[in-house]
Amino acid sequence: MTTLTLTNAGLVLPSTSGGRASVRIEDSVITAIGGIVGNDGEVVDLEGSLLLPGFIDIHCHGAAGADVNEDGLDGLIEAGRHLARNGVTSWVPTLVPDSKENYLKAVEAIEELMREDPAELGAARVLGVHYEGVFANENRCGALRTEYFLKYSEEALADLPLPSKGVKLMTLAPEVEGGIDLIKELVSAGWVVSAGHTSATAEVLDEAFAAGLRHLTHFFNAMDGIHHRTLGAAGWGLAKEGVSFDIIADGHHVHPSLLAAVTRARGIDNVVLISDSISAAGLGEGEFAVWGKKITVSEGIATDALGTISGSVISMRDAFNLMFRKGFSFDEASAMASLNPAGLLGIDRETSSLEVNKTADLAAWREGEVVLTVIGGKVVHNAL
Ligand SMILES: [Zn+2]
């Protein structure tokens, strides 16, 4: 058995934020939280840094120059290392519409990585796959390539490759032909279904809800906004009981003040922060090739030649920081970055909060920076 003890931690506990304490980890599991928890084995003094459950990013196309669709196993590891340095301990690699051949290659790489020990690689844990499209609305394509969009049929769905285990997440437009049947099919097969890249009306979304849809992808973006007399997707997402959404918390995709307002309105429990980061994340400003297009990153915004915003260049750390700056407490920001995404994916019993018997996927934060990341009980990033 290996033991790791993190001392002098400011804690974000599920109930209340407490004073400083220690956290003991045996192998990959948190075994004690409190005053004195034993100090044999490896000891790391957090010097008062805030200890959080590691961030979970359910919508990420890559980072550090690596793209989920294009760059195979090495790319996933490269992106995963960048994520880990930013406090992300788990992520769902997110595929944009692509050829059957490329899908297959990408999912094979995901499958291969899921068999590895993420801590050994120093890379964030891969939880499964997120298909953003291919059953989306061309009129709301955003940066997605419409030439790879498919019409829904049982065969088309069965053709999408999947890893043999892990979470299956799909962003779809309920209004596509057969969209409601598609939702039923996915829900019964254990997928997490989310509406996005959609022009769905509230009526269609109500049907989708009856079919099992409970979530919306990158709230406000690639859907109808709010009009006081017309309940578009965004209005529906705010008004409908039992619906949650994720939202790109980069401060550009949604105005920070509106981000804060809709989060308060919908309630913290129903909001999941995402990065929607692209491969250019972590590389600074410049021009990059992403999905066959030239993307320019300037002042933290990634745009294509037409000026369309094309994913973000943030990490979940930045999302957490933004919510904190907008007045949310550490507990609230942490829930939206860890517990809530885990709940959506159905893995919140294993990880995503600081509790005994949970997997030790942790991030220590100080003044906006992630100073330590622990994955499965092993330190993978230490900048203390
Ligand atoms: Zn995306």
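**View 1. Helix α9 and the glycine that comes after it.** In this predicted model, α9 is followed by G327, a residue whose phi is positive, near 100 degrees. The helix itself is mostly covered, since 7 of its 10 residues are buried. These buried residues of α9 are M316, R317, A319, F320, N321, L322 and M323.

**View 2. The packing of helix α9 with helix α10.** Helix α9, residues 316-325, packs with helix α10, residues 330-345, at an angle of about 145 degrees, and the axes of the two helices are 9 Å apart. Their crossing is right-handed. On the side of α9 the contact is made by M316, F320, M323 and F324, while α10 contributes F330, A333, S334, M336 and A337.

**View 3. Helix α8 and its surroundings.** Helix α8 covers residues 256-266, and within this helix P256, L259, A260, V262, T263 and R266 are buried. The elements against which these buried residues pack are α7 (233-239), β15 (244-248), β16 (271-274), α9 and α10. A glycine, G267, follows α8, and the phi of G267 is positive, near 95 degrees.

**View 4. The largest pocket.** Rolling a probe the size of a water molecule over the atoms shows where empty space is left. In the largest pocket this space amounts to about 300 Å³. Its lining is made up of 19 residues, and those that lie nearest the centre of the pocket are S90, M114, R125, V126 and L127. Two or more lining residues come from each of the elements α2 (100-114), α3 (118-121) and β10 (125-126).

View 5. About 230 Å³ of space lies in the second largest pocket. This pocket is lined by 18 residues, of which G142, A143, H197, H218 and I309 are the closest to its centre. The lining of the second largest pocket holds 6 nonpolar, 9 polar and 3 charged residues.

**View 6. The loop that holds G166.** G166 is placed in the loop between α4 (154-158) and β12 (167-172). With a relative accessible area of 46%, G166 is partly exposed. If its neighbours within four places in sequence are left aside, G166 is in contact with M114 and L127. V92 is 74 residues away from G166 in sequence, yet the two lie 9.5 Å apart in space, C-alpha to C-alpha.

View 7. Most residues other than glycine have a negative phi, and most peptide bonds are trans. The peptide bond from G133 to V134, however, is cis, with omega near 25 degrees, and V134 is found in the loop between β11 (128-132) and α4. D27, which is not a glycine, has a positive phi of about 55 degrees, and this residue sits in the loop between β2 (17-26) and β3 (29-34). The relative accessibility of D27 is 42%, so D27 counts as partly exposed. Phi is also positive at W291, a residue other than glycine, where the value is near 50 degrees. W291 belongs to the loop between β17 (286-290) and β18 (293-298). The relative accessible area of W291 is 9%, and because buried means under 20%, W291 is buried.

Methods
Residues numbered from 1 in each chain as written. Predicted model: local features only at pLDDT ≥ 70, side-chain atom pairs only at ≥ 80, totals over all residues. Heavy atoms only, no water. Axes fitted to C-alpha atoms, helices over the stretch in contact; angles between N-to-C directions. Helix = DSSP H or I, 4+ residues; strand = E, 2+ residues; numbered from the N terminus. Left-handed = near helix turned anticlockwise from the far one by under 90°. Contact = heavy atoms within 4.5 Å. 1 Å grid on protein atoms, 1.4 Å probe; cavity = no way out; pocket = protein on both sides within 12 Å on 5 of 7 lines; lining within 4 Å. Points joined across faces, edges and corners; volume = space filled by probe spheres on them. Nonpolar A, V, L, I, M, F, W, Y, C, P; charged D, E, K, R; others polar. Buried < 20%, exposed > 50% of the residue type's maximum accessible area, 1.4 Å probe, protein only.
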